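Q: I am new to this structure and would like a close look at a single part of it. Please take the aromatic residues and their surroundings, and describe them in one connected answer.

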Amino acid sequence: MNIKTAYQLLEDSIIYYRGEPVGTAAACDPSPVAVNYHECFVRDFVPSALVFLNSGRAEIVRNFLTTVMNIRGQQTVLEGHQRSMGLMPASFKVIEEDGRESLVADFGERAIGRVVPVDSAMWWMFLLRAYVVTTGDWKYAGSSEVQECMMQILDLYLRERFESSPTLLVPDGSFMIDRRMGVYGYPLEIQALYYGMLEAAKELISGTNGPQTVIENLQVRVEALRAYVRLHYWVDRDRLNQIHRFKSEEFGLGIDNVLNVYPESIPGWMDGWLDNRSGYLAGNQGPGRIDFRFFAQGNLLSILFGLATTEESQGIMNLFAAHWGELIGEMPVKIVYPAVHGKEWMHVTGSDPKNVPWSYHNGGNWPVLIWPFVAAAMRTGRVELAENALETITERLKRDNWPEYYDGRKGGLIGRRANFFQTWSATGLIIAHQLYEDPEFRVLLDSCMYCAEADQ
Ligand code: GLC
């Protein structure tokens, strides 16, 4: 019954362009919190697309892929500067002028804080692979337009700039957390998506003469990225102990503490937080900096893309089980744990009233994260965790009119400024149920996300 309403919400959210369905609105709330919630966001469309692909409506996904491809690279740049054609918009809308429809894309120019959607092209590539794997339409991926588009994306995302590591350097708010939250630098979610995108590209780029160097670069980057994340982001008891006893200010090669992390930077809440079966990938890494916060989406995507090893994936699920009340609580799943408070909140968020402790991006609970959670639980064979999470969420979401997020340490309250009828809250739940109930869909999603060689 609840699921039926979720499908209805998805149907209501479909956006048409010149008679064709091309995307879904972020929310169908008659009075949304922000004006742009009626637009189609690239990241928000991902769960919509998975539902469409699994219900024989792949043409909507293809229309979306083509639409976003056609409006890429339209960002504003300084006079005389060259635009990167591989940048994809955060969102787009359809406008009507003189009886003719046209598309308007937003690359962050109209967004709060002018944040750049680094994740859009990554999600686009993921969806392209999902579309091709589901339909067998390799011709689409092989077409010259799509190949050119992928090359332009790779040109932008593989370009050498100021990185001193294989991870991707980005500004604050460049992904699902699209406000200041101290997630600049090398946030885990971006690295996981980057890894997924590069793996997808390896499969989708056809090897003609030109792209051969790109394929080689891809291979080198993917392997280096995987090794780097596994070494520098993974935290379990042993690693924590190592960090706890790190020597600092070492010079040269062949040292352990290459990023010069001071043991004094381990936050108080970490004391006793990890039992000897649990671990996770830290939220961010940089010189003298480990962000020890637990970011759910980055960890779950790392399981799904195979960026985390099989053992690490079990460790992450053990952490969820051990801290169920904190990480799942009354509404799966907490986006980040713990929240930042007081002076730290002032510095990290710029005193953002929407991101007060245990709200929105600062430790709120986001129903959309149910789909990667259930997918990760099923993938790691932790069926009981999937079941428990689904039990918690299913009844409540519909009763509450599909809020965007929940507030509170345990996520017990509807988000103070949350939209209602948020599309990805509904589609996330549909996918989670399908994954739990339909083994074929699990196989399909696995083949869209997972790269077997990553296990070594
Ligand atoms: C908020 C979220 C972002 C999402 C958008 C539309 O800005 O932070 O992740 O894409 O709303 O739902």
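A: A charge sits over a ring if NZ of Lys or CZ of Arg is within 6 Å of the ring centre and within 35 degrees of the ring normal. In this predicted model, Lys354 lies over the face of Tyr360, 4.2 Å from the ring centre. Another case involves Arg289, whose charged end sits over the ring of Tyr184 at 4.3 Å from its centre.

A polar side-chain atom of Tyr360 is 3.4 Å from an oxygen atom of the ligand. For His361, the distance from a polar side-chain atom to a ligand oxygen atom is 2.8 Å. Arg43 has a side-chain N or O atom 2.9 Å from an oxygen atom of the ligand.

Next come the pairs of rings. The whole structure holds 19 aromatic pairs. One of them joins Phe320 and Phe373: the ring centres are 5.0 Å apart and the planes meet at 75°, so the pair is edge-to-face, planes over 60 degrees apart being counted that way. This pair links distant parts of the chain, with Phe320 in helix α11 (residues 310-322) and Phe373 in helix α14 (residues 370-379), 53 residues apart. Phe320 and Phe373 are both buried.

A stacked pair is formed by Trp366 and Tyr405, with 5.7 Å from centre to centre and 25° between the planes. This pair too links distant parts of the chain: Trp366 is in the loop between α13 (342-349) and α14, Tyr405 is in the loop between α15 (383-399) and β12 (406-407), and 39 residues separate them. Trp366 has a relative accessibility of 2% and therefore counts as buried. Tyr405 is buried as well, at a relative accessible area of 0%.

Ring pairs also build a cluster, made up of Trp269, Trp273, Tyr280, Phe294, Phe320, Trp324, Tyr337, Trp358 and Phe373. Nonpolar side chains tend to be buried together in soluble globular proteins. Here the largest nonpolar core has 157 residues, and those that touch the most other members are Trp124, Met125, Tyr157, Phe294, Phe320 and Phe373. Leaving aside residues up to four places away in sequence, Phe320 touches Phe294, Ala296, Leu300, Leu327, Ile328, Val333 and Phe373.

Most residues other than glycine have a negative phi, and most peptide bonds are trans. The peptide bond from Pro332 to Val333 is cis, with omega near 5°, and Val333 lies in the loop between α12 (324-327) and β11 (336-337). Tyr337, a member of the ring cluster, is joined to Pro338 by a cis peptide bond with omega of about -10°. Pro338 is in the loop between β11 and α13.

Ser351 has a phi near 55° and is placed in the loop between α13 and α14. With 34% relative accessibility, Ser351 counts as partly exposed. Asn260 has a phi of about 55° and lies in the loop between α9 (237-244) and β7 (279-281). Asn260 is partly exposed, at a relative accessible area of 21%.

Methods: Residues are numbered from 1 along each chain as its sequence is written. This is a predicted model: local features need pLDDT of at least 70, side-chain atom pairs count only at pLDDT 80 or more; totals for chains, interfaces and linings use all residues. Side-chain values use heavy atoms; hydrogens and water are left out. A nonpolar core is a set of buried Ala, Val, Leu, Ile, Met, Phe, Trp, Tyr and Cys residues joined through side-chain atoms within 4.5 Å. Buried means under 20% relative accessible area, exposed over 50%, partly exposed in between (1.4 Å probe, protein chains only). Contact means heavy atoms within 4.5 Å. Rings of Phe, Tyr and Trp (its six-membered ring) pair if their centres lie within 6.5 Å; planes under 30 degrees apart count as stacked, over 60 as edge-to-face and the rest as tilted. Helices (H or I, at least four residues) and strands (E, at least two) are DSSP runs, numbered from the N terminus. A polar contact is a pair of N or O atoms within 3.5 Å; within protein, one must be able to donate a hydrogen and the other to accept it, and residues adjacent in sequence count only if both atoms are side-chain atoms.
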